[in-house]
Amino acid sequence: MLHVIVTADDFGLDLAINEAVEQAFCGGLLTAASLMVGQPAARDAVERARRLPGFRVGLHVTLTGARPVLDPALVPDLVDASGRLGTRLPALGMRLAVSEAARRQAEAEIRAQFEAFADTGLTLDHANAHQHFHLHPFVLDRIVSVGRDFGLHAVRVPFEPLWLARAVSNTAPHASRVPALAWALGALGMRRRLRRAGLACNDYLFGLRCTGRVDEATLCEALAKLRPGVVEIYMHPATRCGPDELAAGVGSRASEEFAALMSPAARLRLQAWRASLGGYRDIPDGPMAAIAAS
C-alpha cells in the first residue's frame, strides 16, 4: 500500500501562498495544507479551504519566525523586541529546557493556536510545527496533549530516508545546525511517542533536504523513487515571489514549487503508482495503516 499526502506549508502566511494552494488542489497534485492561524492571510486561507470539498487542512503550530496568536505581552519569553516570535531555534530550545515560565507561555500559545483552528470550523487533519520545531520534546508533548482536546488525529514526522534523498539530484545537507544523526534519532523518537499516544503519522517524507527548491524535475525524481507506506511530500508554493512576498516570508523559489505541483509530468509519475491520495484522515484501512495509527 502506498498512500501519498502532498502538503503545502505556511498556508495563511501570504495571499500568494493561498492562491497557489487553491489552484494546486483544484488543478494540480496538492491534497492538503498546514495552516498558520495567526498570520496575515489566515482568514483568506480559511475562506478558500471552506470552498474546497475534500481538501485536508492541518495546524502548522508556529513558535518561531512569525507573530503569535496571543498578545506578545502574554508570551514575553518567546518574542523579540518587535513582538514577533524569535528566529533563533537553538536559543528557544534551550529556553524551553531551562525556563518554566517559557514552557508555560509556549503551552498557552500552542493551545491558543489549536483554539483558533477550531474556531474556523475546519476539520483538523493533522498538526506539525513551523521549521519542524516539534522535534523539541516539550513542543511535541504539548502538541499531543493539547491536541487531544481538539480531536488531533495525526502528526507529521520529519524523517526523510537517505535512500530517497540520495536518489534526487537537487538535495543538499539540511540547513539545520542539528547534526543529521541527531535529527534522525529525534524523528524516530517522535514516531514512537506518537504511536504510543495512538496518533497516526507518516512513515517517511520528502522535501526536507531540498526545502524551498522542489522544482518540477526534483518532484518527478522523488515520485519515481517512492516505496510502499505513508509518505508526505511537503512543499512551499506561491503564485509569485516578488519583493512584497519575499518580505512576508515567501521563499525565493516558491513559484517554481507551484509550477512543480501543476506539472503534467509529475501528475503522470504519481498516477503510475495507483496510490491512494489525500490527507492523514484518508489513509486507507490495511496492515500498514494500522501500524501507522497504532
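Is Glu232 buried or exposed? Glu232 is buried, at 0% relative accessible area. Buried means under 20% relative accessible area, exposed over 50%, and partly exposed in between (1.4 Å probe, protein chains only).

The model is predicted: local features need pLDDT of at least 70, side-chain atom pairs count only at pLDDT 80 or more, and totals for chains, interfaces and linings use all residues. Residues are numbered from 1 along each chain as its sequence is written, and side-chain values use heavy atoms, with hydrogens and water left out.

**View 1. Glu232 in strand β6.** Strand β6 covers residues 229–235. Helices (H or I, at least four residues) and strands (E, at least two) are DSSP runs, numbered from the N terminus.

**View 2. Side-chain partners of Glu232.** The Glu232 side chain makes a polar contact with the side chain of Thr7 at 2.7 Å. Another polar contact joins it to the side chain of Arg156 at 2.8 Å. A polar contact is a pair of N or O atoms within 3.5 Å; within protein, one must be able to donate a hydrogen and the other to accept it, and residues adjacent in sequence count only if both atoms are side-chain atoms.

**View 3. Surroundings of Glu232.** Neighbours within four places in sequence are left aside. Glu232 is in contact (heavy atoms within 4.5 Å) with residues including Ile5, Asn202, Tyr204 and Tyr280.

**View 4. Asp10 in strand β1.** The strand spans residues 2–11. Asp10 has a positive phi, near 65°, and is not glycine. Asp10 is buried, at 8% relative accessible area.

**View 5. Arg274 in a loop.** The loop lies between α11 (264–273) and β7 (276–277). Phi of Arg274 is positive, near 55°. Arg274 is exposed, at 80% relative accessible area.
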